[in-house]
Amino acid sequence: MPINAEYLGPAELPEIIPVFPLAGALLLPRGQMPLNIFEPRYLAMVDDAFRDGHRLIGMIQPDVTHSPSEARPVLFQVGCVGRITQLAETGDGRYILELTGVSRFKVVEEMTVLTPYRQCKVDYFPFIDDFTARKGEEEVDREALLAVLTDFLKANNLKADWEGIEAAPNEALVNALAMMSPYGSAEKQAMLEAPDLKTRAEILIAVTEMDLAKKRTSGDPPLQ
């Protein structure tokens, strides 16, 4: 796991964290998410994360269908906190960084703060299994997952590093495919909130099969 800090349980994480609302973004424990940070409020968030020493940012999706305000959308109740494990300055005022997922969290309440970015009080205990690497991966139907991946790649004229895929443990494979999947916020949120790795894989398989069936019926062109 490419992370220097080792988190053994919820008590080792801060109760209040900065959150980065981003639609369609899915971060999962031990997964890596690249981010291009350019808005001043999120540049300040990154600076503060380093100043505070924890280098943690909570990724969470805005619930746009239930948001009266586009400027300050309602947040989904579950997100995933990640630690900044890579950071580069671009020279034009941006940060290019990578987050490594630590644990999912449930939002307890959004705090009233003076910072330009939003902060939430969160609870990690509902997802305590996230602190155990590869928990439940023996229950994943790897054969079914690889079969639907093969169909997806073929339907969209895409290629993959099969050597790397076949060498990947089930947890890394399921989470990487879920994070990279081209589906919408609702599907991404369902995969995030899945109670275990087996269920997450089943959701990914089901969503992909529905997408493939829809394309076959409608004659939609492959993804570009």
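**Figure 1. Salt bridge between Glu202 and Lys198 in a predicted model.** The side chains of Glu202 and Lys198 form a salt bridge with an N to O distance of 2.6 Å; the term requires a side-chain nitrogen of Lys or Arg within 4 Å of a carboxyl oxygen of Asp or Glu. The two residues are four apart in helix H6, so about one helical turn separates them. Helices (H or I, at least four residues) and strands (E, at least two) are DSSP runs, numbered from the N terminus. Glu202 is partly exposed at 39% relative accessibility, and Lys198 is partly exposed at 34%. The classes are buried for under 20% relative accessible area, exposed for over 50%, and partly exposed in between (1.4 Å probe, protein chains only). This is a predicted model in which local features need pLDDT of at least 70 and side-chain atom pairs count only at pLDDT 80 or more, while totals for chains, interfaces and linings use all residues. Residues are numbered from 1 along each chain as its sequence is written, and side-chain values use heavy atoms, with hydrogens and water left out.

**Figure 2. Salt bridge between Arg72 and Glu110.** The side chains of Arg72 and Glu110 meet at 2.6 Å, N to O, in a salt bridge. This pair links distant parts of the chain, 38 residues apart: Arg72 is in the loop between strand E3 (56-60) and strand E4 (78-89), and Glu110 is in strand E5 (residues 95-110). Arg72 has a relative accessible area of 48% and is partly exposed. Glu110, with 28%, is partly exposed. A network of salt bridges links Arg72, Glu110 and Arg118.

**Figure 3. Salt bridge between Glu39 and Arg41.** An N to O distance of 2.9 Å is found for the salt bridge between the side chains of Glu39 and Arg41. Glu39 is partly exposed, its relative accessible area being 29%. Arg41 is partly exposed at 33%. The count of salt bridges by this rule is eleven.

**Figure 4. Packing of helix H2 against helix H6.** Two packed helices are described by the angle between their axes and the distance between the axes. For helix H2 (residues 142-155) and helix H6 (residues 197-218), the axes come within 10 Å and cross at roughly 30°. This angle makes H2 roughly parallel to H6. Axes are lines fitted to C-alpha atoms, for helices over the stretch in contact, and angles run from 0 to 180 degrees between N-to-C directions. Angles under 35 degrees count as roughly parallel, over 145 as roughly antiparallel, 65 to 115 as roughly perpendicular and the rest as oblique. The crossing of H2 past H6 is left-handed; this term applies if the near helix is turned anticlockwise from the far one by less than a right angle, and right-handed applies if clockwise. H2 contributes Ala144, Leu145, Val148, Asp151, Phe152 and Ala155 to the contact, and H6 contributes Leu204, Ile205, Thr208, Glu209, Asp211 and Leu212. Contact means heavy atoms within 4.5 Å. The residues of this contact comprise eight nonpolar, one polar and three charged. Ala, Val, Leu, Ile, Met, Phe, Trp, Tyr, Cys and Pro count as nonpolar, Asp, Glu, Lys and Arg as charged, and the others, Gly among them, as polar.

**Figure 5. Packing of helix H5 against helix H6.** The axes of helix H5 (residues 185-193) and H6 cross at roughly 160° and come within 8 Å. H5 and H6 are therefore roughly antiparallel to each other. H5 passes H6 with a right-handed crossing. Glu187, Ala190, Met191 and Leu192 of H5 make the contact with Arg200, Ile203, Leu204 and Val207 of H6. By class, six residues of the H5 contact with H6 are nonpolar, none polar and two charged.

Figure 6. Most residues other than glycine have a negative phi. Arg30, not a glycine, has a positive phi of about 70°. Arg30 is placed in the loop between E1 and strand E2 (32-37) and is buried at 18% relative accessible area. Asn157 has a positive phi near 55°. Asn157 sits in the loop between H2 and helix H3 (162-167) and is exposed at 64% relative accessibility.

**Figure 7. Surroundings of Thr132.** Thr132 is in the loop between strand E6 (118-123) and H2, and is partly exposed with a relative accessible area of 40%. Not counting residues up to four places away in sequence, Thr132 touches Arg30 and Glu171.
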